[in-house]
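I opened the notebook on this protein to record what I looked up, step by step. The entries follow the order in which I went through the structure.

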Amino acid sequence: MKKYSCILVDDEPLARELIAGFISECPELELVAELPNAVDARVFLQHHLVDLMFLDINMPRLSGIRLVKIMEQAPAVIFITAYSEYAVEGFELEAIDYLLKPVSQERFLKAIGRFLDQFPRQISQADYILVKSDKKIYRVDLDELLYAEALGDYIRIITKEKTLTVYERLSAFAERLPSDRFCRIHKSHLIALSKINYIEGNRIRIGKIFLSISNTYRNEFNERLKIQRGLQSNL
């Protein structure tokens, strides 16, 4: 099962360490970033889509509440703060929960339960993903996805209808896709197994281009291909 991605935003290192430890013990969650202030969080969220944000309120330069108010599209939020007077305003922003420091693990897990109750989706079963490109959020249907190409810290996503450049590592993008339908064939390329036109030696034809299979990924690709053939033979 794919995990819910989350970020942790707090200017207190010890508070971040405590919450990060709680997150690591939740099999449903994946901590993708720890950020020391709301300004950095805002920049991060301009380039990444996440499911949940653990957010301190009283931080220098930009408060957690102010961050949520100025964002056009914020992820689900669990506020974490030492000040109970912010609770009403936090819930007015439709926060999942409001945790007072020091946070106990029992109280933390109760907040996660509330989040899962409100967002009970199985990410691994989704038939599409959302990506951010040129300050817009695009829906990419998995049936339309042909392949993805690594460009350093960016990837180029090629579908039947469009090409998108996204600020995301190819390895992270691969984690968001069903492993039975998509496979790395090279450090720079990930493909949709169902979109292969034919294989010739160490090259794969998809659409109008050829992509190379590297020795590093050849065994994994062959195993995935065997599984794919087995599934097709049973249809």
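**Entry 1: a helix across a sheet**

I began with helix 5, residues 105–118, and found that this helix lies across strand 1, strand 2, strand 3, strand 4 and strand 5, running at about 170° to strand 5. I note here that the model is a predicted one. Looking up the five strands themselves, I found that they form an open sheet in the order 2-1-3-4-5, with parallel pairing. The edge strands are strand 2 and strand 5 (97–100), each of which pairs on one side only, and the twist from one strand to the next averages 20°.

Within this sheet I followed strand 1 and strand 3, which run parallel and are joined by four bridges; in that pairing Cys6 stands opposite Leu52 in strand 3. Helix 2 packs on the sheet as well, touching strand 1, strand 2 and strand 3, and its direction makes about 125° with that of strand 2.

**Entry 2: the nonpolar cores**

I then asked which residues have the most contacts inside the largest nonpolar core. This core has 22 residues, and the ones with the most contacts inside it are Ile7, Val9, Met53, Leu55, Leu67 and Phe79. At least two residues of the core are supplied by each of strand 1 (4–9), strand 2 (29–35), helix 2 (38–47), strand 3 (52–56), helix 3 (64–70) and strand 4 (76–81). The largest share, four residues, comes from helix 2. Apart from this core lies another, of 21 residues, and among them I noted Phe22, Ile80, Phe108 and Phe115.

I turned next to an open sheet of five strands in the order 10-9-8-12-11, where the pairing is antiparallel. Strand 10 (163–166) and strand 11 (182–186) are the edge strands here, each pairing on one side only, and the twist averages 20° from one strand to the next.

Which residues of strand 10 are on its covered face, and which on the uncovered one? I found Leu164 and Val166 on the covered face, with Thr163 and Thr165 on the uncovered one.

A polar atom of its side chain lies 2.6 Å from the backbone oxygen of Leu45. Leaving aside neighbours within four places in sequence, I listed the contacts of Lys132 as Leu45, Gln46, His47, His48, Leu49, Ile137, Thr165, Val166 and Tyr167. Two of the names on that list, Thr165 and Val166, had already come up in strand 10, on its uncovered and covered faces respectively.

Glu149 has its place in strand 8 (residues 145–151). Its relative accessibility is 21%, so Glu149 counts as partly exposed, given that buried requires a value under 20% and exposed one over 50%. With neighbours within four places in sequence again left out, Glu149 is in contact with Tyr154, Ile155, Arg156, Ser188 and His189. I also looked up Leu170, which is 21 residues from Glu149 in sequence and 7.3 Å from it in space, C-alpha to C-alpha.

**Entry 3: the protein overall**

Of its 235 residues, 43% count as buried, and the accessible surface comes to about 13100 Å², of which 47% belongs to carbon and sulfur atoms. How much of the contacts with a separation of 6 or more comes from residues 24 or more positions apart? I found that such residues account for 51% of those contacts.

Technical notes
Residues are numbered from 1 along each chain as its sequence is written. This is a predicted model: local features need pLDDT of at least 70, side-chain atom pairs count only at pLDDT 80 or more; totals for chains, interfaces and linings use all residues. Side-chain values use heavy atoms; hydrogens and water are left out. A polar contact is a pair of N or O atoms within 3.5 Å; within protein, one must be able to donate a hydrogen and the other to accept it, and residues adjacent in sequence count only if both atoms are side-chain atoms. Contact means heavy atoms within 4.5 Å. A nonpolar core is a set of buried Ala, Val, Leu, Ile, Met, Phe, Trp, Tyr and Cys residues joined through side-chain atoms within 4.5 Å. Buried means under 20% relative accessible area, exposed over 50%, partly exposed in between (1.4 Å probe, protein chains only). Two strands pair if DSSP finds at least two bridges between them. Axes are lines fitted to C-alpha atoms, for helices over the stretch in contact, and angles run from 0 to 180 degrees between N-to-C directions. Accessible areas come from the Shrake-Rupley method with a 1.4 Å probe; for residues, only the protein chains shown count as cover.
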